[in-house]
Amino acid sequence: MANIYLHFVLDLWFERKVKLNCKGQAFILRYADDYICAFQYKDEAERFYRELPGRLGKFNLQVAPEKTAMLRFNRFHPGMKVRISFLGFETFWEKDRDGTIKVKLRTAPKKLQGACRRIKEWIKGNRHLKGEAFIKALNRRLRGHYNYYNVPGNLSALWRFYSWAEACAFKWLNRRGGKRKSFTLEIFTKAIDLLGIAKPKMRVVNRQHRVFT
């Protein structure tokens, strides 16, 4: 219902009025009640920023101040100082290995911290499961995280999540039944490799198609 409502309040208004009154390029990217609007020219972005609260106010809606901001985002200002947080990712400009400036994505730090916290609590609460059942259930959670956050350039963040999950599993499985150090790290590593724990893999992108994220 919220999507249908915002489609009228925001999407159609942007396409039929805001965009038509812009001399430069403009677009909106929205998912549920999270959205990003981009403008080629600063004065047109400022005008939209001023008019947005009034538009939402007509429908008893308002912007979330802690999530609303206007910033300059282009390849002429690369680096981590200017970042866009959207749908669990941080988007920023950075030089590639060959010196080409490109848009990069990484897991937003708060989202990664939250995912690590949740996997720790799950491991702690389910360490009573038998080895194969535990790994199978853990893999579902690991793959769910990988499937969402596996975008080009974000492999290191996936490995940080995996390493955290592995360390938590070693710690809490060693404490089953109140016991400590039921097995060594070497034995644990061999066991999870044998059982087939899910590890991050780089996603192959078909470069014949242009991908927008």
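The structure is a predicted model, in which local features need pLDDT of at least 70 and side-chain atom pairs count only at pLDDT 80 or more, while totals for chains, interfaces and linings use all residues. Residues are numbered from 1 along each chain as its sequence is written, and side-chain values use heavy atoms, with hydrogens and water left out.

Arginine 176 is found in the loop between α5 and α6, where helices (H or I, at least four residues) and strands (E, at least two) are DSSP runs numbered from the N terminus. Apart from its neighbours within four places in sequence, arginine 176 is in contact (heavy atoms within 4.5 Å) with Arg127, His128 and Leu129.

## The second largest pocket

Arginine 176 also lies, together with Gly131, Leu173, Ala191 and Leu195, nearest the centre of the second largest pocket, which is lined by 13 residues. The elements that give two or more residues to this lining are α4 (131–149) and α6 (185–195), and α6 supplies the largest share, five residues.

A pocket is here an open set of points on a 1 Å grid over the protein atoms alone, where a 1.4 Å probe fits, with protein on both sides within 12 Å along at least five of seven lines; lining residues have an atom within 4 Å of a point.

## Helix α3

The 18 residues of α3 (residues 109–126) should span 26 Å at 1.5 Å a residue, and the end C-alpha atoms are 26 Å apart, which agrees; the expected span is 1.5 Å times one less than the number of residues. The buried residues of α3 are Leu112, Gly114, Ala115, Cys116, Ile119, Trp122 and Ile123, and what covers them includes β5 (101–107), α4 and α5 (155–173).

Strand β4 (residues 89–95) is largely enclosed by the rest of the structure, because five of its seven residues are buried. Two strands pair if DSSP finds at least two bridges between them: four bridges join β4 to the antiparallel β3 (residues 79–86), and seven join β4 to β5, also running antiparallel.

In the hairpin of β3 and β4, with two residues between the strands, leucine 87 in the turn has a positive phi of about 55°. Glutamate 90 stands opposite arginine 106 in β5.

Conventions. Buried < 20%, exposed > 50% of the residue type's maximum accessible area, 1.4 Å probe, protein only.
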